[in-house]
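Here are some questions and answers for a reader new to this structure. The sequence and model come next.

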Amino acid sequence: QVHLVESGGGLVQAGDSLRLSCVASGRAYHVGWFRQAPDKEREFVAGITSTGSQPFYADSVKGRFTISRDTAKNTIFLQMDSLKPEDTAIYSCAASKVTWKNNRHLYDYWGQGIQVTVSS
């Protein structure tokens, strides 16, 4: 069993930065960040392996977002720079035994999610 808790969301202006954190209890799994905007499907944002390697990004955030992992604390970070209004969504972290990439159906555990709002 893995329990995931996100923090760090909030309201910012376009061009600002935010850093999300995901604290995972239990054994280390691969972790992905996903987001869901109103009236849209949940989409993959970024993922990282259980050992903190091989970061993988959606094209929409590549070059602006950075995923990292503190393996000692089993905490996964999502640094979001140059935020845009279209980044507004509920962001969730999820854990998987088999992937850190963009197949959400392969993720076994999910956090509650946290709101990120970017005003123009």
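Two strands pair if DSSP finds at least two bridges between them. Helices (H or I, at least four residues) and strands (E, at least two) are DSSP runs, numbered from the N terminus. This is a predicted model, in which local features need pLDDT of at least 70 and side-chain atom pairs count only at pLDDT 80 or more, while totals for chains, interfaces and linings use all residues. Residues are numbered from 1 along each chain as its sequence is written, and side-chain values use heavy atoms, with hydrogens and water left out.

Q: How many bridges join strand S3 to S8?
A: Strand S3 covers residues 18-24 and runs antiparallel to S8. Within this pair, Val23 stands opposite Thr75 of S8. The number of bridges joining S3 to S8 is six.

Q: Which strands are the edge strands of the open sheet?
A: The open sheet has four strands in the order S1-S3-S8-S7, with antiparallel pairing. An edge strand here pairs on one side only, and the two are strand S1 (4-7) and S7.

Q: Is Asn74 buried or exposed?
A: Asn74 is in the loop between strand S7 (65-70) and strand S8 (75-80). Its phi is near 45°, a positive value in a residue other than glycine. Buried means under 20% relative accessible area, exposed over 50%, and partly exposed in between (1.4 Å probe, protein chains only). Because its relative accessible area is 10%, Asn74 is buried.

Q: What is the relative accessible area of Ser82?
A: Ser82 lies in the loop between S8 and strand S9 (89-96). Phi of Ser82 is near 50°, positive although the residue is not glycine. Ser82 is partly exposed, with a relative accessible area of 43%.
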